[in-house]
Amino acid sequence: DDLYSKPEYIWQAYQALSKVPNGNFTIAAAFGNVHGVYQAGNVKLDPKILGNAQTYICEKLGLPEGSKPVKFVFHGGSGSEK
């Protein structure tokens, strides 16, 4: 559980990056248990972590429910063939 990003941490990154004038940024949040290429069945992703962060940040910003203020970038499949 401590390996995954928490909404509060994503919010901190969002706040800091939002201060950049005309900034356009993405956040790479940890929502899985691996980085790299692994056999099928060993990878466990929890995309709810990303949704929970969107909800948390929407509440902080006073945005309507369902808004997506954070642009996430996914990584971790280095060297994968597909």
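Predicted model: local features only at pLDDT ≥ 70, side-chain atom pairs only at ≥ 80, totals over all residues.
Colleague: Let us start with helix 2. How many residues has it, and what is its reach?
Modeller: Helix 2 has 14 residues, and 20 Å separate its first C-alpha from its last. That is close to the 20 Å expected at 1.5 Å a residue.

Colleague: Which residues of helix 2 are buried?
Modeller: They are I49, L50, A53, Q54, I57 and C58.

Colleague: Why might residues three or four places apart in a helix point the same way?
Modeller: An α-helix has 3.6 residues a turn, so residues at that spacing point the same way.

Colleague: What covers the buried residues of helix 2?
Modeller: The cover includes helix 1, which runs over 7-18.

Colleague: Now K71. Where does K71 lie, and is K71 buried or partly exposed?
Modeller: K71 lies in the segment after helix 2, which spans 48-61. With a relative accessible area of 45%, K71 is partly exposed.

Colleague: What is K71 in contact with, leaving aside neighbours within four places in sequence?
Modeller: K71 is in contact with N24, F25, T26 and I27. With N24 there is also a polar contact of 2.7 Å between the two side chains.

Colleague: What separates the C-alpha atoms of K71 and A28?
Modeller: A distance of 8.8 Å separates those C-alpha atoms, although K71 and A28 are 43 residues apart along the chain.

Colleague: Changing topic: where is the place of S5?
Modeller: S5 sits in the segment before helix 1.

Colleague: Is S5 buried or exposed?
Modeller: S5 is buried, because its relative accessible area is 18% and the cut-off for buried is under 20%.

Colleague: What does the side chain of S5 reach?
Modeller: The side chain of S5 reaches the backbone nitrogen of A30, at 2.7 Å.

Colleague: And which residues does S5 touch, not counting those up to four places away?
Modeller: Not counting residues up to four places away in sequence, S5 touches I10, A29, A30 and I49. Of these, I49 is one of the buried residues in helix 2.

Conventions: Residues numbered from 1 in each chain as written. Heavy atoms only, no water. Helix = DSSP H or I, 4+ residues; strand = E, 2+ residues; numbered from the N terminus. Buried < 20%, exposed > 50% of the residue type's maximum accessible area, 1.4 Å probe, protein only. Contact = heavy atoms within 4.5 Å. Polar contact = N/O pair within 3.5 Å; in protein donor to acceptor, adjacent residues only side chain to side chain. Expected span 1.5 Å × (residues − 1).
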